[in-house]
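Hi,

Here is the structure I promised to pass on.

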Amino acid sequence: MMEARLSLVTLGVADLARSKAFYEAMGFKAAFANDQIVFLPMGGMVLALFGKHDLDADMARENAGHGHIALAHNTRSEAEVDAIIDHAVASGGSLLKAAHKADWGGYSGYFADPDGHAWEVAFNPHWTIDPEGRINMGS
């Protein structure tokens, strides 16, 4: 059986240097980078940037295009949501949906990185985040 754990998320990107620069501007630090791949540690897991055509080949898929997926980053406050989305747009990303009060009781919005990968940034008042960034969903 497979453990219920996510180890790595790989994003297929058009321009590896541009994407690395964007994520570094957002505060990520590369643990490894070469002309084919970049590994960015994320508190127990890794975000990888890989050329989109190379990723398609690695998956044995032709022209996979965009998947219907959103990455998410939860914050400790509504103000953090606004600051992160504003910084992403200033760093070369694009606004998908302005932050707003959500009908589930929180506050969230979306931006896209330079390759169109969607990120939700959200504050959920029903969850807590420990100092290491791990989410506690309560019991």
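In strand β4, L49 is the bridge partner of V38. Strands here are DSSP runs of E with at least two residues, helices are runs of H or I with at least four, and both are numbered from the N terminus. Two strands pair if DSSP finds at least two bridges between them. β3 and β4 run antiparallel and are joined by six bridges. Another partner pair is M42 with M45 in β4. The two strands form a hairpin with two residues between them, and G43 in the turn has a positive phi of about 50 degrees.

Before you go further, a word on what you're looking at. This is a predicted model, in which local features need pLDDT of at least 70 and side-chain atom pairs count only at pLDDT 80 or more, while totals for chains, interfaces and linings use all residues. Residues are numbered from 1 along each chain as its sequence is written, and side-chain values use heavy atoms, with hydrogens and water left out.

Back to β4. Put together, four strands form an open sheet in the order β1-β4-β3-β2, with mixed pairing. The edge strands are β1 and β2 (residues 32-33), each of which pairs on one side only. β4 is largely enclosed by the rest of the structure, because five of its seven residues are buried. (Buried means under 20% relative accessible area, exposed means over 50%, and partly exposed is in between, using a 1.4 Å probe and protein chains only.)

Now pick out L47. Leaving aside residues up to four places away in sequence, L47 touches V9, L11, Y23, F28, V38, F39, L40, M42 and W119. Contact here means heavy atoms within 4.5 Å. L47 also turns up in the largest nonpolar core, which has 21 residues; L11, Y23, L47, L49 and F111 touch the most other members. The elements giving two or more residues to this core are β1 (8-13), α1 (16-25), β3 (37-42), β4 (45-51), α3 (78-90), β7 and β8. A nonpolar core is a set of buried Ala, Val, Leu, Ile, Met, Phe, Trp, Tyr and Cys residues joined through side-chain atoms within 4.5 Å. In soluble globular proteins, nonpolar side chains tend to be buried together.

Helix α1 also holds E24. Is E24 buried or partly exposed? E24 is partly exposed, because its relative accessible area is 33%. The C-alpha atoms of E24 and L40 are 9.0 Å apart, with 16 residues separating them along the chain.

Next, follow the chain to β7 (residues 107-112), where five of the six residues are buried. β7 has antiparallel neighbours. Five bridges join it to β6 (residues 94-101), with L95 partnered by F111 and S94 by A112. The hairpin of β6 and β7 has five residues between the strands, and G105 there takes a positive phi near 105 degrees. Six bridges join β7 to β8 (residues 118-123), also running antiparallel. That hairpin, too, has five residues between the strands, and G116 takes a positive phi near 90 degrees.

Y107 counts as buried because its relative accessibility is 12%. It stands opposite F123 in β8. Its contacts, not counting residues up to four places away in sequence, include E78, V81, D82 and A99. The C-alpha atoms of Y107 and V81 are separated by 7.7 Å, though the two are 26 residues apart along the chain.

Last, the largest pocket. Its volume is about 1,000 Å³. Of its 32 lining residues, M42, A72, H73, N74 and G133 are the closest to its centre. β3, β4, β5 (70-75) and α3 each give two or more residues to the lining, and the largest share, six residues, comes from β5. By class, the lining has 20 nonpolar, eight polar and four charged residues. Here is how those terms work:

- On a 1 Å grid over the protein atoms alone, a pocket is an open set of points where a 1.4 Å probe fits, with protein on both sides within 12 Å along at least five of seven lines; lining residues have an atom within 4 Å of a point.
- Grid points are joined across faces, edges and corners, and the volume is the space filled by probe spheres set on them.
- Ala, Val, Leu, Ile, Met, Phe, Trp, Tyr, Cys and Pro count as nonpolar, Asp, Glu, Lys and Arg as charged, and the others, Gly among them, as polar.

Cheers
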